[in-house]
Amino acid sequence: MKFDAVIIGSGLGGLLCGNILSKEGFSVCILEKNNKLGGSLQTFGRKGCIFNTGLNYTESLDEGQVLNQYFRYFGLHHKLPLKRLDTDGFDVIDFYNGRYKLANGHDHYRDTMLQYFPGEKNGLTQYLKKIQDICSSNSFYTLSHRPFNIFENSSMGLGAVDFIQSVISDYRLQNVIAGNNLLYAGHEKKTSLFVHALISNSFIQSAWRIPDGSQQLVNILADNITASGGTIYKNAKAVRLISEKDYVESVELLNGERVEGKYFISNTHPEQILSMTDSQKIKSYFSHRIKSLEDTIGMFTLYLVFKKNSFPYFNYNFYHYNQDNVWIVGDYNPAKWPQNYVFMPTATSKSDVYAESASVITYMHYRELDSWKDTVTGKRGEAYIRFKNEKARTLLESMEKQFPGISSCVDSWYTSTPLTWRDYIGTRAGSAFGILKDYNKPFESIILPRTKIPNLFLTGQNTNLHGILGVTISSVVTCGEIIDIQHLLKKIRNA
Ligand SMILES: Cc1cc2nc3c(=O)[nH]c(=O)nc-3n(C[C@H](O)[C@H](O)[C@H](O)COP(=O)(O)OP(=O)(O)OC[C@H]3O[C@@H](n4cnc5c(N)ncnc54)[C@H](O)[C@@H]3O)c2cc1C
């Protein structure tokens, strides 16, 4: 078996690279270790309900907005069902003593905030202009002809918190603005303004759920590849890269089979590539750097099945904080768990009135799972199940203060921890979003798609940015190393 492009991993990045290269006439082969495609975009079903794992809402899908144009190019436009979140408050940021709405559209966002913070007009105007300017300076965001050099973007070396504090004087407003920073596992002393701006600005433009789940997106992208003659192997774990004269020749699978190719793209955590190759070229370059880089914190998710017609569906995401400071990660304390959570009812095509299920996400540090780090999914033992159930109960009890009676609406629950992510997706230490983009070391934490092996490339959340938009741009940047980037951008612009 020999292909033009062999892609290791069917996460969003792998599937999008497969789509781009198939469209350019490459024979593509995707290797996925699991029996389900999609990586963090896969869904699962329990008691007739669908649960998203790593795509609860998405952004900038209105006409003329960045992801809308990418969706057109990838054939997702009009095929994927979308439900717009409340434009007056797509995210609600809740503290024990105040509740604030983040509205869509810059003017609407500012005017809504001014109702709570009437003295902050200048600061809000400066804030919104800056995050918009940062996005406009990125040619993958504007799809312009101008070449974009991430190293020249000064906001990579600026702290999000420092900037927010420099323009906004009210402490509560500083926190409300960053109140959905769980979207990027925000760290007070590490998260760059670039990461905050790209994500915040995109969601302020427009925010959406995918009724009936994100697996539909995966299926469309996979179908596009097979319709173009591409091949997708499930249960095909890549274990070794076989090289000849500094080029990768084939990938060896766990079952011993080999898949040959001309180009190889890894959609996995870069550390996996280190474990798969003997090439000193890449090892000496990567080893120290990748090992020294920190990953973002992991997540604990509580998946709730509600009793029939018992809990109302609401069309926004509810971020709650049990403290004033929303930058939890640097201050994470298991003794105070949960310090925050985001509560998101699942959108379905069945009902807009009642929620049949919901996901509740909060942080969890890998260290807390130390006792089970040498176990695998489904075989971690009774103590682990007790630990998870205790956490689920604690989280629900905490939610009772904001949603009195919610526990009585729950039919059943399921949970996942960073160990789940480590074992299903292969992220290091169960990290949610891969390598942390630290503004204190902006150059070290940017992983470029090109490696020291000329025909081996990286893609996915570790290379550019995580999330549906970040990974989409990452796939374009990666493929731009193999095909002409201006030609590709033109095709996307004209889609
Ligand atoms: C709890 C949570 C909630 C999230 N919510 C949102 C959200 O609401 N909106 C949003 O935009 N983003 C969200 N994200 C982020 C988003 O899901 C990810 O950034 C994105 O899906 C990552 O895509 P990726 O291409 O990097 O690949 P991944 O999803 O990391 O997939 C990698 C793939 O490679 C496969 N693989 C690994 N090793 C091998 C191997 N050796 N051989 C073969 N295959 C292998 C894995 O099985 C997997 O399929 C969330 C993430 C988490 C954890």
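Biologist: From which domains does the shell around the ligand draw at least three residues each?

Modeller: Domain bounds here come from an automatic or database domain assignment. The shell takes at least three residues from each of domain 1 (2-43 + 213-294 + 435-493) and domain 2 (83-211 + 299-430). Before we go on, a word on reading the model: it is predicted, with local features needing pLDDT of at least 70 and side-chain atom pairs counting only at pLDDT 80 or more, while totals for chains, interfaces and linings use all residues. Residues are numbered from 1 along each chain as its sequence is written.

Biologist: How many residues surround the ligand, and which are the closest?

Modeller: A residue is near a molecule if its C-beta atom, placed from the backbone, lies within 6 Å of it. The ligand is surrounded by 38 residues, and the closest are G9, G11, G13, G39 and G460.

Biologist: Which elements each supply at least two residues of that shell, and how does the shell divide by class?

Modeller: Helices (H or I, at least four residues) and strands (E, at least two) are DSSP runs, numbered from the N terminus. The elements with at least two shell residues each are α1 (12-23), β14 (298-306), α14 (418-425) and α15 (467-479). For classes, Ala, Val, Leu, Ile, Met, Phe, Trp, Tyr, Cys and Pro count as nonpolar, Asp, Glu, Lys and Arg as charged, and the others, Gly among them, as polar. On that scheme the shell has 15 nonpolar, 20 polar and three charged residues.

Biologist: Back to the two domains: how far apart do their C-alpha centres lie?

Modeller: The centres of domain 1 and domain 2 are 27 Å apart. Contact between two residues requires C-beta atoms, placed from the backbone, within 7 Å. The contact between these domains takes 29 residues from domain 1 and 23 residues from domain 2. On the domain 1 side, two or more residues come from each of α9 (215-227), α10 (270-276), α15 and α16 (485-493). The largest share of that side, five residues, belongs to α15. By class, the domain 1 side has 13 nonpolar, twelve polar and four charged residues.

Biologist: Which residues of α12 are buried?

Modeller: A residue is buried if 20 or more other C-beta atoms lie within 10 Å of its own, exposed if 12 or fewer, and partly exposed in between, with C-beta atoms placed from the backbone. In α12 the buried residues are K388, A392, L395 and M399. They cover an arc of only 65 degrees around the axis (taken from the directions from the helix axis to the C-beta atoms), so they sit on the same side of α12. That buried set packs against β14, β16 (340-345), β17 (357-364), α13 (406-409) and β18 (410-416). The face turned away carries exposed residues, among them E382, R386 and E400.

Biologist: And why is α14 called largely enclosed?

Modeller: Six of its eight residues are buried, so the rest of the structure largely encloses α14. Those residues are P418, L419, T420, W421, R422 and I425, and what covers them includes β14, β17 and β18. After α14 comes G426, with a positive phi near 90 degrees.

Biologist: What should I expect of phi and of peptide bonds?

Modeller: Most residues other than glycine have a negative phi, and most peptide bonds are trans. N235, which is not a glycine, has a positive phi of about 50 degrees; it is found in the loop between β10 (231-233) and β11 (238-244). D246 also has a positive phi, near 70 degrees, and is found in the loop between β11 and β12 (247-253). N235 is partly exposed, with 13 other C-beta atoms within 10 Å.

Biologist: Which kind of peptide bond joins W337 to P338, cis or trans?

Modeller: That bond is cis, with omega near -5 degrees. P338 lies in the loop between β15 (317-321) and β16, and is buried because 23 other C-beta atoms lie within 10 Å. Beyond its neighbours within four places in sequence, P338 is in contact with T362, T394, L395 and S398. P338 and L395 are 57 residues apart in sequence and 6.4 Å apart in space, C-alpha to C-alpha.
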